[in-house]
Amino acid sequence: MRTPGQLFVKRLSTEWKYTYGVWRTTIDWTVVLYIVLPALVLGISQYLSWWENPPFWLNTLSANLLFAACFLFTWSGTIRIFLEEADQLFLLKQKQWRKTLVRYGLFYSFFLYLIFTALFFFVLAPFILGYYQFSPMQMILLFVITFLTKVLLGLSRQIVSLHFYGWRRFIVVKGLLVLGSIVFLALIPPALHHPVISLLLILILVVAVSALSTKRLNYQGDFSVDMAREREEKFKHANLLLSFSGANIRKPRKQRTRPWLFHRSDIIFRKRNAVNGLLEAGIKAMLRNYRRLGQYFLLIFLCALIMMTLQGSIKWLVWPALAFFLVNFTGLCWQESMNSEFIKLFSWKTEEKYLALRKFLFMITLPGFLLISLPAGFQAFSWPGAVLIFPISAGLVFYICKIVAFYLVIISKE
Amino acid sequence: MNLLEVKIDRAGYTGKREAIHHICFSLKKGELTGLIGPNGAGKSTTFKAIVGLLPEVDGKIQFSAPNSRYIYIPEQPVLYEELTLWEHLELAASVYEIERNVFQEKAENLLQIFCLQGAKHHFPTTFSKGMQQKVMIITGLLIEPDLYMIDEPFVGLDPRATLDFMRFLNEEKKRGAGILISTHQLDMAERMCDSIILIADGQLIAQGNLEEIRSRCKLPQASLFDCFNYILEQQP
């Protein structure tokens, strides 16, 4: 590799080959023949029919939603710089090489953004031109503004992530999202009716993008942050496919030095034995894992929504099924925690594992299930329903936990 | 009395079913045995075969009693992402139902000795490799098992921690614990081990105490390092 350009081409081609290989593992000719091609044909015919008759459900959607979709699209994607970990050793002192690589990375990212934005507008064109009655000029202006906003937000997010750390980064990135959406939704719809203002906006965006590109080119922040992002991007397709395969892959995650909850390693159970020790580890693992907690609350929210929407006796047929579903979800969280190699260092008796899991399922599932049941009980039978639902929910969850724990510990291990 | 009897005909992984073969040895109470061999010889695989972490094992692994306590400390520390250092020790103490006051006193003392007192309530997954290794060692020392199986215990430990650890191993030997360690540090093995097992290419090629190994090599007064190299050179 005699020039940074050659190095960039080599890295890019290696990555494309890798990504192609990853998809090839899933999509062979049978998948192409029986799934991809029919889906493509169906998609194209649907798309063509939208040019003739816009779908009826568009009647309920206002044009503001189109602008919201455009903004959400601008927030997606990642700007690449194509540096690698080993560059710490070989390239960091070679400023010119590093800068050239980053420059090519930026151009490549902008080019990809342009292609994706064009595709996005190509898909939305029947709605934009046909249903929302935009003129071709307005659509072109919206396309250019969306593309430039996407580049600007991508660069801003990246520079912010290099500049801030921890909760400050979280606040600034979310602030950028909120501020960006407000400005985009407030300025763009009226500006599209005035080409001069639109062109002025485009000019401002071009100047901002140039300034931020130069800043990114010369910015040498935390190299590990750059590497983490590059790694994530490089393996995102493999990660996606693996997540569908159900493989349990523990990814290293950023972690605090000390926990927020039980920050002095406080004990939960006074009585110390194997069951309580395992149960305590499971509870702490659940409460300290924000990903799992997020999924738990999302499930509860969705289940509560289902219960509130359903009417009549069907509601009370679905209710135990939701309890069963929630207990099983909690069981999966437990299994994920218990897959830890540290737990495997000790020899556990089956009855200890069964008892610990049964208590864990009950303690973690019940609060969430009450949140689902209480509004439903109140909605159906007013206050008496809300009060009565407490013991009935507890009893139902208790018995489901017994069955699920028995299955997970005893039956599935046989 | 033998704490452990190992007769492995063959053991390995899916796709490499015979990573190790014909490995037979036993470990007595109060004995410290060193498992030595070049990189990739099969030392870690032997440990995994003994503790039942391999999918393919033909042979017999027998512990002295069905309820005997043993601990396996792998080369790569395995720690719980969501538990603090102290909580790891709490979990170990709960499993072995160690009395609360005994646990607290012993755990505090071990943390003090291994200089981890300040990181007691931190997540050990944020520690350096050496500190993580200390956590694993403390967990082992805390539960006082009948048998220790420790894969490369000195990797990552600073000299002070290495000395403290060696002192603890000697105390554990006196208590009657059996200890099986693998190491590349042959000078350390020569000083500490009562017997040596040399593995190469997945099979046992020599075992005995240092005198027996010297006489096999016909190298009286030679160091373990010299014997090790001599035996490996004689291998086809």
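Guide:

Chain B holds eight helices and nine strands; helices (H or I, at least four residues) and strands (E, at least two) are DSSP runs, numbered from the N terminus. The model is predicted, so local features need pLDDT of at least 70 and side-chain atom pairs count only at pLDDT 80 or more, while totals for chains, interfaces and linings use all residues. Residues are numbered from 1 along each chain as its sequence is written, chains are lettered from A and ligands numbered from 1 in the order in which they are written, and side-chain values use heavy atoms, with hydrogens and water left out.

Of the 236 residues of chain B, 57% count as buried, that is, under 20% relative accessible area, with exposed meaning over 50% and partly exposed in between (1.4 Å probe, protein chains only). Among contacts in chain B with a separation of 6 or more, 70% join residues 24 or more positions apart; contact means heavy atoms within 4.5 Å. Chain B exposes about 10200 Å², and carbon and sulfur atoms supply 48% of that area (Shrake-Rupley method, 1.4 Å probe; for residues, only the protein chains shown count as cover).

Where the chains meet, 34 residues of chain A are in contact with 28 residues of chain B. The area buried between chain A and chain B is about 2900 Å², with 60% given by carbon and sulfur atoms; buried area is the accessible area (1.4 Å probe) that two parts lose on being put together, summed over both.

Four salt bridges are counted between chain A and chain B, each a side-chain nitrogen of Lys or Arg within 4 Å of a carboxyl oxygen of Asp or Glu. The side chains of B:E87 and A:K284 form a salt bridge, at 2.8 Å from N to O. Between chain A and chain B, 11 residue pairs are in polar contact, both residues at pLDDT 80 or more. A polar contact is a pair of N or O atoms within 3.5 Å; within protein, one must be able to donate a hydrogen and the other to accept it, and residues adjacent in sequence count only if both atoms are side-chain atoms.

On the side of chain A that touches chain B, the elements giving two or more residues are helix 11 (274-288), helix 13 (313-338) and helix 14 (341-344) of chain A. Helix 11 of chain A gives the most, with seven residues.
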